[in-house]
Amino acid sequence: NSSDLSPSSFILASIPGLEAAHFWMAIFLCSMYIVAVTGNCAVLFIVKTEPSLHAPMYFFLCMLAAIDLALSTSTVPRVLSFYWFNTREISFGACLVQMFLIHTLSAIESTVLLAMAVDRYVAICHPLRHAAILTNSATAKIGLAAMARGVVFFLPLPLLLLPLPFCSSRLLSHSFCLHQDVMNLACANTTPSVVYGLTAILLVMGLDAVLICLSYILILKAVLRLALWKERLKAFSTCVAHICVVLAFYVPLIGLSVVHRFGKDLAPLVHITMGNIYILVPAVLNPIIYGVRTKQIQKRILNLIHIYNN
């Protein structure tokens with residue numbers, strides 16, 4: 001009885017009626033993926049080769065770039081294989097590994113965004129203590145703690161699904177594996193998995209979002225205490241790029257969660273589109289946002305273009 005066994009594979013979702021357009025959809029996703037890889041690799045290269053950028057804020061930016069590269073690379077090539085070669089099946093083991101990577105890397109990114117918010121808070125509210133508090137050693141430790149936090153909180157997710165029996169239906173709602181999606185196909189009591197998954201999300205992404213908001217409330221209070229509007233704008237302008245990156249991460253995350261919770265009757269196009277936005281949009285936007293807002297990165301990119309043209 002197939003309903004009493006773990007499946008050997010799952011079926012990735014396609015958009016009914018748009019199978020003929022898969023090739024062009026893959027071209028679009030591949031273009032976005034190339035932009036994401038190029039932009040994030042450029043950020044890593046520029047920060048590594050530019051001594052003036054060897055500071056905590058830019059080290060955190062490198063962490064974001066590395067996370068975005070890992071997250072997009074763990075999903076997009078498999079999605080492109082599906083769209084181009086119609087390889088819709090993904091093995092049970094590969095699905096669990098992909099699910100673990102997606103959730104763990106998202107948790108690490110959330111932690112790094114919180115660390116960047118704290119960095120902005122210290123830089124604006126306690127500028128004289130910034131260099132002493134956020135040293136290169138402290139930045140490295142924060143990065144390691146973010147990795148450990150992501151692994152510890154989200155490793156149990158695939159382990160909780162591993163022993164469950166699954167129904168004969170193996171069709172997922174996305175072009176890749178997510179915990180909520182795989183869990184819904186189980187033919188057993190999934191309460192432990194539901195409770196743990198919700199707890200992990202609230203204790204990581206939820207708590208991080210609250211602390212980021214708290215950091216910006218404190219920053220706003222400090223900025224408003226400045227006497228001149230010009231000083232206020234200059235101080236707060238250093239936070240604009242980080243605020244945009246936070247929105248680029250949390251808005252797709254919240255949108256995907258809402259679709260899973262309340263959008264069971266929505267068209268498959270909505271689920272697949274929201275999933276692809278969640279995976280690719282932050283990876284594409286993050287290097288663009290910091291490239292536009294950071295003069296040092298702009299200058300370095302222009303120098304590289306000038307050298308290349310010569």
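**Burial, packing and helix geometry in a predicted model**

His271 is buried, its relative accessible area being 9%. This value comes from a predicted model, and the residue counts as buried because its accessible area falls under the 20% cut-off. His271 belongs to helix H12, which covers residues 268–293. Leaving aside residues up to four places away in sequence, His271 is in contact with Ser173, His174, Val259, Gly263 and Leu266.

Confidence in the prediction was considered next. The mean pLDDT of the protein is 88, and 95% of its residues reach 70 or more. The highest confidence is found in helix H6 (residues 136–154), with a mean of 95, and the lowest in helix H13 (residues 295–309), with a mean of 72. Where pLDDT is low, predicted coordinates should not be read in detail.

The annotation of the chain comes from an unreviewed UniProt entry. In that record, residues 39–290 are listed as "domain: G-protein coupled receptors family 1 profile". In the model, this stretch is 78% helix and 1% strand, and its end C-alpha atoms are 10 Å apart. The record also lists residues 20–46, 58–80, 100–122, 142–166, 194–219, 240–263 and 269–292 under "transmembrane region". Among them, residues 20–46 are 93% helix and 0% strand, with 41 Å between the end C-alpha atoms. For residues 142–166, the span is 76% helix and 0% strand, and the end C-alpha atoms lie 39 Å apart.

Helix H9 was examined in more detail. H9 runs over residues 191–224 and has 34 residues. From its first C-alpha to its last, H9 reaches 47 Å, close to the 50 Å expected at 1.5 Å a residue. A kink of about 35 degrees is present in H9, centred on Leu202. The buried residues of H9 include Ser193, Gly197, Ala200, Asp208, Tyr216 and Val223. The helices against which the buried residues of H9 pack are H4 (92–125), H6, H7 (156–161), H8 (179–183), H10 (229–237) and H11 (240–262).

Leu226 lies beyond this helix, in the loop between H9 and H10. With a relative accessibility of 30%, Leu226 is partly exposed, because this value lies between the cut-offs of 20% and 50%. Its contacts, not counting residues up to four places away in sequence, are Glu231, Arg232 and Ala235. Between Leu226 and Thr73 there are 153 residues of separation in sequence and 44 Å in space, C-alpha to C-alpha.

Pro56 is located in helix H2 (residues 56–73). Its relative accessibility is 8%, so Pro56 counts as buried. Pro56 and His130 are 74 residues apart in sequence, while their C-alpha atoms are 9.8 Å apart in space.

The largest nonpolar core contains 86 residues, and Phe10, Val112 and Leu113 have the most contacts inside it. H4 gives the most to this core, with 15 residues. Phe10 touches Arg88, Glu89, Ile90, Phe92, Cys95, Phe166, Arg170, Leu172, Val182 and Leu185, again not counting residues up to four places away in sequence.

Technical notes:
Residues are numbered from 1 along each chain as its sequence is written. This is a predicted model: local features need pLDDT of at least 70, side-chain atom pairs count only at pLDDT 80 or more; totals for chains, interfaces and linings use all residues. Side-chain values use heavy atoms; hydrogens and water are left out. UniProt positions are given in the numbering used here, feature names are shortened, and annotations may be inferred rather than shown by experiment. Helices (H or I, at least four residues) and strands (E, at least two) are DSSP runs, numbered from the N terminus. pLDDT is the predictor's confidence in each residue, from 0 to 100. The expected span of a helix is 1.5 Å times one less than its number of residues. The bend at a residue is the angle between axes fitted to the seven residues ending there and the seven starting there. Buried means under 20% relative accessible area, exposed over 50%, partly exposed in between (1.4 Å probe, protein chains only). Contact means heavy atoms within 4.5 Å. A nonpolar core is a set of buried Ala, Val, Leu, Ile, Met, Phe, Trp, Tyr and Cys residues joined through side-chain atoms within 4.5 Å.
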